[in-house]
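Visitor: I am new to this structure. Please take me through one part of it slowly, and show me how that part sits in the whole.

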Amino acid sequence: IGGFIPLIPYFYVSSPVDGLIYSAEITLVALFVFGYFKSKVTGQNPWIGSMKVASIGAAAATAAFLVAKLFQ
């Protein structure tokens, strides 16, 4: 189910570029929420933990996008 979340916007937009933008936004929010609850369970500061998870996810997505552009 978690892997399906980033795909949901592509079913509702006509342009793949719009789907990518909405998918990135939804994924970032999902990572933030996941990081918040993970940090609560592990006893860390939830806001710092959520920012860590969201920023690592954003960095990984950016790196994947740039590598895909490089080998296009």
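Guide: The protein has two helices and zero strands. Its radius of gyration is 14 Å, well over the 11 Å that the globule rule gives for 72 residues, so the protein is more spread out than a compact globule. Keep in mind that this is a predicted model. Along its principal axes, the C-alpha trace spans about 40 × 30 × 15 Å. Of the 72 residues, 14% count as buried. Take the contacts between residues at least 6 apart in sequence: 12% of them join residues at least 24 apart.

Now to the helix itself. H1 runs over residues 16-42 and has 27 residues. From its first C-alpha to its last it reaches 38 Å. That is close to the 39 Å expected at 1.5 Å a residue. Just after H1 comes Gly-43, which takes a positive phi of about 85°.

Which residues of H1 are buried? They are Gly-19, Ser-23, Gly-35 and Ser-39. What do they pack against? Their partner is helix H2, residues 46-70.

Start with Ser-23, which has its place in helix H1. Its relative accessible area is 8%. The cut-off for buried is under 20%, so Ser-23 counts as buried. Set aside its neighbours within four places in sequence, and Ser-23 is in contact with Pro-6, Pro-9 and Tyr-10.

Move along to Ser-39, also a residue of helix H1. Its relative accessible area is 0%, so Ser-39 is buried. Not counting residues up to four places away in sequence, Ser-39 touches Gln-44, Asn-45, Pro-46, Gly-49 and Ser-50.

Next, the largest pocket. About 280 Å³ of space lies in it. The elements that give two or more residues to its lining are H1 and H2. Which of them gives the most? H1 does, with six residues. The lining includes Leu-20, Ser-23, Ala-24, Thr-27, Leu-28 and Leu-31. Gly-57, Ala-58, Ala-61, Thr-62 and Phe-65 line the pocket as well. Ser-23 thus turns up again: this buried residue is one of the lining residues. By class, the lining has seven nonpolar, four polar and no charged residues.

Now step away from H1, one side at a time. Gly-3 is found in the segment before H1. Is Gly-3 buried or exposed? At 59% relative accessibility, Gly-3 counts as exposed. The C-alpha atoms of Gly-3 and Pro-16 are separated by 18 Å, and the two residues are 13 apart along the chain.

In helix H2, look for Lys-69. Its relative accessibility is 45%, so Lys-69 counts as partly exposed.

H1 reaches 38 Å from its first C-alpha to its last. Its buried residues pack against H2. It also gives the most to the lining of the largest pocket.

Key: Residues are numbered from 1 along each chain as its sequence is written. This is a predicted model: local features need pLDDT of at least 70, side-chain atom pairs count only at pLDDT 80 or more; totals for chains, interfaces and linings use all residues. Side-chain values use heavy atoms; hydrogens and water are left out. Helices (H or I, at least four residues) and strands (E, at least two) are DSSP runs, numbered from the N terminus. The expected span of a helix is 1.5 Å times one less than its number of residues. Buried means under 20% relative accessible area, exposed over 50%, partly exposed in between (1.4 Å probe, protein chains only). Contact means heavy atoms within 4.5 Å. On a 1 Å grid over the protein atoms alone, a cavity is a set of points where a 1.4 Å probe fits but cannot get out, and a pocket is an open set with protein on both sides within 12 Å along at least five of seven lines; lining residues have an atom within 4 Å of a point. Grid points are joined across faces, edges and corners, and a volume is the space filled by probe spheres set on the points. Ala, Val, Leu, Ile, Met, Phe, Trp, Tyr, Cys and Pro count as nonpolar, Asp, Glu, Lys and Arg as charged, and the others, Gly among them, as polar. The radius of gyration is taken over C-alpha atoms; the globule rule is 2.2 Å times the number of residues to the power 0.38.
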